[in-house]
Amino acid sequence: MSHPEPSHADNRATLNEQCRPSGYRNPDPQSRYNLVVVGSGTAGISTALGAALLGAKVALVERDMLGGSRLHSVTLPTKALVRAGRAAHALRTAEKFGVTLQPIEWNSAGVLDYVRAVQAKSAASGSLQELLDRNVDVFFGTGRFVDAQTLDVEGARLRFARAVVATGVRPAKLGIPGLAECEPLYSNTLLRQARLPDSVAILGGGPVGVELAQALTRLGVSVLLYEQRLRILPREDADVSTLLTGILRSEGVQIHQDVRSMRCVRNGNQRTIECDANGLHAVHTVEQILVTVGNTPNIEELRLDQAGVEHDPEGIRVTEQMRTTNPRIFACGDVASEHHYPHASEALARTVVGNALFFSNASVRDLNIPTAIYTDPEIARVGISAPDGIDSGLNEAHCFLSANDRARLDHSEAGFVKLVHDRRGQIKGATIVSPRASELIGEVVLAMNHRISLRDLALTVHPYPTESELLRKCGDYYRTTLLTPAALRLVKKIMDWRR
Ligand SMILES: Cc1cc2nc3c(=O)[nH]c(=O)nc-3n(C[C@H](O)[C@H](O)[C@H](O)COP(=O)(O)OP(=O)(O)OC[C@H]3O[C@@H](n4cnc5c(N)ncnc54)[C@H](O)[C@@H]3O)c2cc1C
């Protein structure tokens, strides 16, 4: 017998129970901790659990809810919205597969309930109970350094041998005239609304902006996307921007690039955006404005100077061992890294635990950290991009999705795989644009980490029909480049001789 889905209230209650139960009381501090961790996002929780697993005496300090932005405000909630958008899009385009449907219906309250349900399910990992089961002392409150070896939490003094600051970042306030009066939404407030807006102007054509633009447009929201630079996803290979711009426009997103002199005006529940974009003057009125660019590190309350920890507006300064200017204190995650991804925070946390608790001096410099953008198709990258690779004398092996049977049967032939390599076939970077790019990039990272060459990839049997065959095909392509005229002449001689 199937159980009814938990209600919105149930999910909210589960989240509170897992991440900050109302009856919880902070413990009495121990005399000294091996490790005090400030912030319980992915970076903080991975560090605390990793250290506790090794038997260290650990305290974890969180001023809000356990889990941080991954669980409560940005990563997972926005990915759930993306998934809901995919469901609507699949229904809307089902006739491509010969399937006709009744007019499809959805309501944004239902979509937001689904988002909350995913959060409630995910809250179990890194929950208060898991931390307590691992003998981590959990303190709710704002952490403030008193001196180089002591942190204050609402009056309780935590003395530490080592500490880790993992306090993350928050959306920055942009200085656009009239924007503040428009009370814009941010990536961490959009999904706390009771419903999705009817129309939205998204400021910022970066990974978050394009993901939300596509998801919201697929969920019936009228979307305008504004990007200051000449193209959306300015950090990616230009071919990626061109391809995604075409797809978003075909799905109904209005894209304004090269945006200059923007100003916003509020009229009751409506917001008007005026700017010069693509060399033209544009004026649009929408229900909401959503800001997806700009972050500010969460450091003001920490009193870092008391602990001798140097910092600047970008965040906390660290060495490649993630050590701050106070050798007892490390930093991890968004507050101290350019890689703003939970998987990066986890990887950095592993290095920090080793360097903080033992005598290792491991560096994070050579970590191959992939990125993934969850548009449809997805965009994944690791290492050097193809244009930069070519400029620095490397080579490129590439394949198009239009040549792949899995893409053909999925009706999603827009995309490519580009593997950047040296003369010996060692992979130096990759950009993948395909429906499952985020799942494919892991194989490339493995190859880079273990010096597996394109030749090895060509000899690795991949199942048919899959997108991963494209990685093998890039290997095949590389091998054909080894068949130089001289090599071909030699092979021909051998064939003539063996005939
Ligand atoms: C809109 C958006 C979408 C994203 N989508 C993705 C994605 O799809 N994939 C991906 O890989 N990454 C994504 N990211 C990035 C990802 O969310 C972050 O990289 C990651 O969650 C950062 O983890 P963190 O542990 O460094 O910080 P956080 O998760 O921000 O945790 C920091 C914690 O510290 C607490 N804190 C701060 N100051 C104090 C203090 N003084 N005392 C006590 N506690 C304190 C905060 O309350 C917070 O809980 C996204 C980011 C945004 C903004």
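This is a predicted model: local features need pLDDT of at least 70, side-chain atom pairs count only at pLDDT 80 or more; totals for chains, interfaces and linings use all residues.
Residues are numbered from 1 along each chain as its sequence is written. Local features need pLDDT of at least 70, side-chain atom pairs count only at pLDDT 80 or more, totals for chains, interfaces and linings use all residues, and side-chain values use heavy atoms, with hydrogens and water left out.

**Exercise 1.** Find where L151 lies and decide whether L151 is buried or exposed.

Solution. Step one: L151 belongs to strand β5, residues 150–153 (a strand is a DSSP run of E with at least two residues, a helix a run of H or I with at least four, numbered from the N terminus). Step two: the relative accessible area of L151 is 0%, so L151 is buried (buried means under 20%, exposed over 50%, partly exposed in between, with a 1.4 Å probe and protein chains only). Step three: beyond four places in sequence, the contacts of L151 include V36, F145 and F160 (contact means heavy atoms within 4.5 Å).

**Exercise 2.** Describe the largest nonpolar core.

Solution. Step one: this core has 56 residues (a nonpolar core is a set of buried Ala, Val, Leu, Ile, Met, Phe, Trp, Tyr and Cys residues joined through side-chain atoms within 4.5 Å). V36, V58 and F145 have the most contacts inside this core. Step two: helix α2, residues 42–53, gives the most to this core, with 6 residues. Step three: a second, separate core of 37 residues includes A215 and L244.

**Exercise 3.** Locate Q321 and state its burial.

Solution. Step one: Q321 sits in the loop between β18 (315–316) and β19 (329–331). Step two: its relative accessible area is 14%, so Q321 is buried. Step three: leaving aside residues up to four places away in sequence, Q321 touches F330, N355, N361, A362 and S363.
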